[in-house]
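Please read it alongside the sequence and the coordinates.

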Amino acid sequence: MFDSLMFGGFLASTVVQNALLIGAAAAVLSGIVGVFTVLRGQSFAGHALADVSSAGGALSLLLGINPMLGFFGLGLLGALGLTGRRRGDGDLAAGILLGTGLGLTALLLHFAVTMRGVAGAAVSVMFGSLFAAPPGAGVLAFFAALAGILLLALIYKPLLLASLDSELASVRGANIRLVAGVFLVLLALAVTLSAMAVGAILSTALLIGPAAAALRVSRRPWVAMLLAALFGVACCWGGVALAYASYDWTPGRVWPVSFFITSLVLLVYAAASWRRQ
Amino acid sequence: MSLTVTNLTVRYGGREVLRDVGFALEPGAFCGLIGANGSGKTTLLRTILGFETPSAGRVERDGTVGYVPQKLQIAADMPVRARDLVALGLDGHRLGFSWPSAGRRRRVEEMLASVDALAFADQRVGELSGGQLQRVLIAHALVSGPKLLLLDEPLANLDLRAAAEIVALLKRVAGQGVTVLISAHDMNPLLGAMDRLVYLANGRAASGRTEQVVRTEVLSELYGYHIDVIRVHGRILVVAGNAEAHHHHDHDHVAAIP
Ligand SMILES: Nc1ncnc2c1ncn2[C@@H]1O[C@H](COP(=O)(O)OP(=O)(O)OP(=O)(O)O)[C@@H](O)[C@H]1O
Ligand SMILES: [Mg+2]
């Protein structure tokens, strides 16, 4: 089976190449951003942004534009809605945003199906469609991830200090509003890429799982970021490979990639937690 | 003066927590900020830092400030070692990437040594004991060379020996010209070191040189019950006693202390 996986066209297929590239870009950025998301206790905000971005995904199906544009556009709007919140009522704002986002998604998906006849719109937006990504999406995702990493490098130090204690950071003279705002934009970008890979609803898995696993086993910030990115890529690529293989299990029908990716994320997290004990 | 607080009034909602508080500290002063739980010590320090906006009065600071907060909730998973936290005190505000430099590393190393924290420099901050974390936070606050150091109850969770060591460390820092303002609900560990004292009660502050304020009649007046100032082996100790006899309810005259 492994032979057929590797040489029977797996890596030669442009669809698979595209999927691997999107998966890697999403996993790397989500892993790195996820480390700070976990440390800042913003997992819920991350999930809310993903749900808002799903409305963008649905909108792009309706308008026939590049899905990344839709996901990120709405994600950015959501990030704007969350800026300037204190950590306490951030949860509240995220909860309201989440509801609004999903409600809007329901409406836009309805239109996409009834007006444009997009088949499987709901599944592809909510649960991802790596193998159905438009050609060129991989390259776009790669550059988006690169831009995200550079932006994070720019705010890295004040972000780390503020994640420890925001008052300590502001006594030190850091512009913590700016840092928090830029971080939300990064969160929206990471969630966008993950939404394209595993779907809006499951993007939280890629954001939180690898990062939480990495944090269990690292004592230095850059080690945590590196490990989170590696874990994420391993899960994504492993998931793509398993989905590709599943074609043989239930002949002619590929299992959802997202199922494999999220299962692998769970395994990695469990292994890291077990090692920590 | 490296810190001047003038007619400061701070309210939470409608409640006045600090009223008409004023004092000034010159460079190198070692000043205790003494008061019971809820007397407004944290509020005063946070107002000096600009985290709370006073409804009246002014704070003038000369130069940069270092701050050691009363409590810091650190996630156990926080992948930051003690030495990383100290390094962030040096450039934690700076945007952009910078390569590790030998000079920066040496500065951090010296700072860790001066607070006697080298032994646990590579431990995660979330794994440090209260006293160890206190030292690391002091190093974080001092490494950038501030003119003013504010510490909120740094001795609260320390044993007698650790407290004495921290006080000695802070005294050395003050000796180098840094103004130290340190809050405490128990003034005893500070008595050998502090040369100035700000006492908070009922929103008002009394301040003065330590030997002016730490006297039986003055302290009994401030606390509202009898306080003995005892001298043993050339050291001073403050002991509360005989509470009923000298009970006062009115503390408005507190501010009149020289
Ligand atoms: N954010 C806040 N909102 C409303 N009231 C507050 C707030 N922070 C403090 N207070 C009140 O202000 C008063 C002073 O509190 P503060 O924390 O300054 O006291 P403290 O002297 O530092 O006490 P402790 O020794 O327990 O640390 C208290 O009565 C407290 O209940
Ligand atoms: Mg306090």
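**Notes on the predicted model**

1. The side chain of B:Arg135 lies 3.0 Å from the backbone oxygen of B:Val115, a polar contact (a pair of N or O atoms within 3.5 Å; within protein, one must be able to donate a hydrogen and the other to accept it, and residues adjacent in sequence count only if both atoms are side-chain atoms). B:Arg135 belongs to helix H4 of chain B, residues 130-142; helices (H or I, at least four residues) and strands (E, at least two) are DSSP runs, numbered from the N terminus. B:Arg135 has a relative accessibility of 11% and therefore counts as buried, where buried means under 20% relative accessible area, exposed over 50% and partly exposed in between (1.4 Å probe, protein chains only). Leaving out residues up to four places away in sequence, B:Arg135 touches B:Val115, B:Asp116, B:Phe120, B:Ala162, B:Glu165 and B:Ile166; contact means heavy atoms within 4.5 Å.

2. On conventions, this is a predicted model, in which local features need pLDDT of at least 70 and side-chain atom pairs count only at pLDDT 80 or more, while totals for chains, interfaces and linings use all residues. Residues are numbered from 1 along each chain as its sequence is written, chains are lettered from A and ligands numbered from 1 in the order in which they are written, and side-chain values use heavy atoms, with hydrogens and water left out.

3. Chain A contains twelve helices and zero strands. The radius of gyration of chain A (taken over C-alpha atoms) is 18 Å, close to the 19 Å that the globule rule gives for 277 residues, so chain A is as compact as a globular protein of that length; the rule is 2.2 Å times the number of residues to the power 0.38. The C-alpha trace of chain A spans about 60 × 45 × 30 Å along its principal axes. Of its 277 residues, 51% count as buried. Among the contacts in chain A with a separation of 6 or more, 77% come from residues 24 or more positions apart.

4. Chain A contributes 27 residues to the contact and chain B contributes 37 residues. About 2800 Å² is buried between chain A and chain B, with carbon and sulfur atoms giving 60% of that area; buried area is the accessible area (1.4 Å probe) that two parts lose on being put together, summed over both. On the chain A side, A:Lys157, A:Leu164 and A:Arg219 lose the most area to chain B, together 27% of what that side buries.

5. Eight residue pairs are in polar contact between chain A and chain B (both at pLDDT 80 or more). Helices H7 (137-164), H8 (166-171), H10 (203-217) and H11 (221-249) of chain A each supply at least two residues of the side that touches chain B. H7(A) gives the most to that side, with nine residues. The residues of this side divide into 15 nonpolar, four polar and eight charged; Ala, Val, Leu, Ile, Met, Phe, Trp, Tyr, Cys and Pro count as nonpolar, Asp, Glu, Lys and Arg as charged, and the others, Gly among them, as polar.

6. Which residues does B:Ser98 contact, leaving aside its neighbours within four places in sequence? They are A:Lys157 and B:Asp91. The side chains of B:Ser98 and A:Lys157 are joined by a polar contact of 2.4 Å. B:Ser98 sits in the loop between helix H2 (82-91) and H3 of chain B, and is partly exposed at a relative accessible area of 35%.

7. The rule finds four salt bridges across the interface of chain A and chain B, a salt bridge being a side-chain nitrogen of Lys or Arg within 4 Å of a carboxyl oxygen of Asp or Glu. One salt bridge pairs the side chains of B:Asp77 and A:Arg216 (3.5 Å, N to O). Another pairs those of A:Arg219 and B:Glu127 (3.8 Å, N to O). A:Arg219 lies in the loop between H10 and H11 of chain A and B:Glu127 in the loop between helix H3 (102-114) and H4 of chain B, so this pair joins two chains. A:Arg219 is partly exposed at 36% relative accessibility, and B:Glu127 is partly exposed at 35%.

8. Over all chains, the structure holds 19 salt bridges. Within chain B, the side chains of B:Asp84 and B:Arg81 form a salt bridge (2.9 Å, N to O), and both residues are buried. Salt bridges that share partners join B:Arg81, B:Arg83, B:Asp84, B:Glu109 and B:Asp122 into one network. B:Arg58 and B:Glu60 also meet through their side chains in a salt bridge (3.4 Å, N to O); B:Arg58 is partly exposed at 48% relative accessibility, and B:Glu60 is partly exposed at 38%.
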